[in-house]
Amino acid sequence: MKITSAEAAKILRGYTDEYNNLCIAERNGKEYNAAVGEDPDELRPEYDYTSTQAQLDELDRKIRKLKHTVNVFNCTTEVPGFDMTIDQVLVYIPQLNARITKLFAMRNVLPKRRCTSSNYNNIIDYTYTNYDPAQAKADYEKARNTLAKLQTALDLVNSTVTMEFEP
C-alpha cells in the first residue's frame, strides 16, 4: 500500500500503542496472588504466554519494517528547494534552531557596554563586541526565514509524497 510519512507516523503510533497495551495486559496477567485457603484457579487471570509472545514478536516485526521503510524513504527523498534529503533536513533543523538561538542573543548586544564587576576600585571596564550586531540581526532573520521555509517544504513532502509499505 502507498502511504505518506504522516500516515506512517500514525500507523507507528498505533503499533506502539498496541504493543504498550499488550505489555500492560501481560504485566497484569502473568502473575497473581492468592491467599491461603483461596482456590488459585478461581483467581487466575486470563493470560496466554505463547500467544502474548507471538503478538509482541509480530508487533516488533511490523515496527521494524515500518521504521526501515521510513528510513529508506528519508534517505532517498529530496526536499524541494533545499538540495537535501529528508534525513539531512532532520539534522539541519536542530542546527538551524541552535544558530537562531545564538544569533538571537548576539543581535541584541550593544556594541559597547559597561561590565558588572565585583571589585571595588574606581576602574570602569567595558565589553566591546567583536562583530557587527546588525549583521547578526540580518543573519538571524535569514536563518529564521530558512527554517520556516524548510519546515513548510518538509511538511508538504511528509503529507503528499508516498512510499510503498506492506505490513
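The axes of helix H3 and helix H4 (residues 86-107) come within 5 Å of each other and cross at roughly 85°, the axes being lines fitted to C-alpha atoms over the stretch in contact, with angles from 0 to 180 degrees between N-to-C directions. H3 is therefore roughly perpendicular to H4, a term for angles of 65 to 115 degrees. The model is predicted: local features need pLDDT of at least 70, side-chain atom pairs count only at pLDDT 80 or more, and totals for chains, interfaces and linings use all residues. Residues are numbered from 1 along each chain as its sequence is written, and side-chain values use heavy atoms, leaving out hydrogens and water.

**Contact of H3 with H4**
- Phe73, Asn74 and Cys75 of H3 meet Ile86, Asp87 and Leu90 of H4; contact means heavy atoms within 4.5 Å.

**Helix H1**
- The 25 residues of H1 (residues 5-29) should span 36 Å at 1.5 Å a residue, and the end C-alpha atoms agree, being 36 Å apart; the expected span is 1.5 Å times one less than the number of residues.
- Ser5, Ala8, Tyr15, Leu22, Glu26 and Gly29 are the buried residues of H1, buried meaning under 20% relative accessible area (1.4 Å probe, protein chains only).
- Their cover includes strand S1 (2-4), helix H3 (49-76), helix H5 (133-160) and strand S6 (162-164); helices (H or I, at least four residues) and strands (E, at least two) are DSSP runs, numbered from the N terminus.

**Residue Glu78**
- Glu78 belongs to strand S2 (residues 78-79).
- With a relative accessible area of 47%, Glu78 is partly exposed, that is, between buried and exposed (over 50%).
- Beyond its neighbours within four places in sequence, Glu78 contacts Asp83, Met84, Thr85 and Val157.
- Val157 lies 79 residues from Glu78 along the chain, and their C-alpha atoms are separated by 8.6 Å.

Terms used: Parallel < 35°, antiparallel > 145°, perpendicular 65-115°, else oblique.
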